Amino acid sequence: MSTNSTIKDNPVVLQVEGLKTYFETRWGTVKAVDGVSFDLRKGETLGIVGESGSGKSVTMLSVMRLIPSPPGQIVEGRVLLEGQDLVDLSEKEMGAIRGSQIALIIQDPMTSLNPVFSIGNQVGEAIKIHQDIPKRTVLQQVLDVLRKVNIPAADTRVRDYPHQMSGGMRQRVVGAIGISCEPMVLIADEPTTSLDVTIQAQYLKLLKELQEASDIALIFITHDFGIVAKMCDRVAVMYAGKIVEMGDVRDIFNNPSHPYTEALLSSVPKLEEDVDRLYSIEGQPPTLHDLPPGCPFAPRCQYVRDKCSQSYPPQFNLTDGHYAACWRLE
Amino acid sequence: MTTTTMDARPTADTTNEVLLEAEGLKKYFPVTKGLLISKITGHIKAVDGVSFQIRAGETLGIVGESGCGKSTTAKMLLQLEEPTEGTIRYQGKTIHNATSEERRAYRSSVQAVFQDPWSSLNPRMRVRDLIAEPMVINLDLSRREMQDRVAKLLEDVGLSSYHANLYPHEFSGGQRQRLAIARALSVEPRVIVLDEPVSALDVSIRAQIMNLLKDLQEEYNVSYLLIAHHLATVRYMCDWVAVMYLGQIVEFGPTRELFENASHPYTKALMNAALPSHPDIEQEEMILTGEVPSPLNPPEGCRFHPRCPFVIDQCPTAIPQVTELAPGHMVSCHLY
């Protein structure tokens, strides 16, 4: 966060343009991701915030080309990783990139590790697939990676199975798999939701150190503005498959301009001060197969006006790199 | 005030009557070895000497990480677990040697709302029956009265009376939690145990439920015991906060005092590890190393000493005394 000005000069590594991922269901087409664009620079941390069903995880699965098809399909848009469009790649070509140049840390360390393979086996898998090196060196690399994520006594724990490790340790192993091939882009999907607070703090610190050590571009998918405040340089707020506001982390916190961002920020209790009464957003997040015309947040919005239910607002630029999609800014 | 076990019973000037009181609560789970001739090889000391009070119309929060014993404490209050040692008193009367009639009365005056509204509601029952079930068991009401009560409860928790005919799967997470709250309120309890009531819900829904709980507290004059790991939630909801570590309360106090003058190193570490509400908030770098030790054989002396950054000579050997730092603010640490 402190090196903000230098990060802005770094080259863009990942560029997502007009991404649309739709799912065909028996209730109709679900527009899980509906025109998402953003870019990500080397060494930068981007937070993607939203509730369940906002499309944040599907966006990242689309970037990784992990959308189960059918029923899902990337219907439009481009995902450029250092200029190469991932959407057009064959499954085999994508397989060479996935895990090596762009990697994913998934939410639940309890289920994302295979219980019948040892830790060393699972961390080594990605290394074996992506690098053509002899067996002995694989083990050496596995140990190096395990040490990088601060697993104590790595040379004995490498033979352990997931059930022999605590939640925090398992999460570190999942992290180790993520960084094992030194990716350019690392996507962390709610990496700490199942961890205790003190273990979460350890893990976030570790991710930050790993990022700084090799200038990884990091994407945090989260519902927690606290993680954003602590970790991110920039934020994209998603609602019903669209980015409704995006900007530098300070712009978002100091001047939230989309009513949804504003409402979310004022509905979270604060650790540092007493809050008399939290603002509560009425209603439910919308169901994606049955979206109202116009702005999907309109039914829950406190500033709603006639225009909102007629057409979706364009992006209004506020300051450099800070925009929001709301008719109030017209 | 100096005793060896933390007595989280407020001495400050609250005038509300004491409803529920726990004294020296312990729960040891035996660890056995062998299949046919099993032998007890040790005990997991899930809760090891916990005392606290819940006063009418107030909220006591218990915070701590997984394995600290907060849920076991709640289960003992709900009589889902029998304490190994210690007493629970309700309105001055101990509940352990109560008659079955008194126990039934206790069970209806202490209700619970659990974390996961997807598993706490029976999917085969209509909402009407779900909410009425505690009343069928505990109250002698006619069908008509029961229906009216269900309708009133549904409205009180922000739903409508027509919802009574639906099944749980037809509701969203936030609405289901409202149903669970309505069911808990149906027998007019004096205390509700809230075990992580909002942590399974979407962010925009959490504030709705927290505000609802606060409003209902005023309307029904009910007390809450809130079990949570999210500190900001505790700050928003509670009047009193107890911080637990490895089966013991290490710090206790009125919410504001405790958050502004956190004194136990573990409480401080928890606060520093909690996520800030703004990117400009500078947090002290105080990240604990290691993980919570096994409650099977907790460390000697102060249980926190292997992870404590301020450890001094007597920590590994002597059990710390309890010191009162400010009215009602108690800490169990050798530094004070």
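How do β12(B) and β13(B) pair, and over how many bridges? They pair in the antiparallel sense, over four bridges. One caution before I go on: this is a predicted model.

Let's stay with that hairpin. Two residues sit between the strands β12(B) and β13(B). B:Gly328 takes a positive phi there, near 85°. Now look at the partners. B:Glu324 has B:Met330 of β13(B) as its bridge partner.

β13(B) also has strand β11 of chain B, residues 248-254, beside it. Those two run antiparallel and are joined by two bridges. Here B:Met330 turns up again, standing opposite B:Phe252.

Which way do the residues of β13(B) point? B:His329 and B:Val331 go one way. B:Met330 and B:Ser332 go the other way. Buried or exposed? All four of these are buried.

Step back to the whole sheet. It is open, with eight strands and mixed pairing, in chain B. The order is β7-β8-β9-β4-β10-β11-β13-β12. Why is one side of β7 and of β12 left without a neighbour in the sheet? Both strands, β7 (110-113) and β12 (322-326) of chain B, stand at the edges with a single partner strand each, so one side of each has no neighbour in the sheet. From one strand to the next, the twist averages 20°.

Next, the helices on that sheet.

Take helix α3 of chain B, residues 127-138. Its buried residues are B:Val127, B:Leu130, B:Ile131, B:Ala132 and B:Met135. What covers them? The cover includes α4 (143-156) and α5 (173-185) of chain B.

On to the core. In soluble globular proteins, nonpolar side chains tend to be buried together. In this model, the largest nonpolar core has 185 residues. Which residues have the most contacts inside it? They are A:Ile219, B:Leu225 and B:Val243. Helix α6 of chain B, residues 203-220, gives the most to this core, with seven residues.

Let me zoom in on A:Ile219. Setting aside residues up to four places away in sequence, A:Ile219 touches A:Leu40, A:Leu46, A:Ile48, A:Met60, A:Ile187 and A:Ala188.

A:Leu46 is also a contact of A:Phe38. Beyond its neighbours within four places in sequence, A:Phe38 meets A:Val16, A:Ala236, A:Ile243 and A:Met246 as well. A:Phe38 sits in strand β2 of chain A, residues 28-41. Why does A:Phe38 count as partly exposed? Because there are 17 C-beta neighbours inside 10 Å of A:Phe38, and a residue needs 20 or more to count as buried. One distance to check on screen: from A:Phe38 to A:Val79 is 9.7 Å, C-alpha to C-alpha, with 41 residues of separation in sequence.

Last stop, the contact between the chains. Chain A puts in 38 residues and chain B puts in 32 residues. On the chain A side, α9 (197-214), α10 (225-231) and α11 (249-254) each supply at least two residues. α9(A) gives the most, with seven residues. What is the make-up of that side of chain A? It divides into 17 nonpolar, eleven polar and ten charged residues.

Note on methods: Residues numbered from 1 in each chain as written. Chains lettered and ligands numbered in written order. Predicted model: local features only at pLDDT ≥ 70, side-chain atom pairs only at ≥ 80, totals over all residues. Buried ≥ 20, exposed ≤ 12 C-beta atoms within 10 Å, placed from the backbone. Contact = placed C-beta atoms within 7 Å. Pairing = 2+ DSSP bridges. Axes fitted to C-alpha atoms, helices over the stretch in contact; angles between N-to-C directions. Nonpolar A, V, L, I, M, F, W, Y, C, P; charged D, E, K, R; others polar. Core = buried A, V, L, I, M, F, W, Y, C linked by C-beta atoms within 7 Å.
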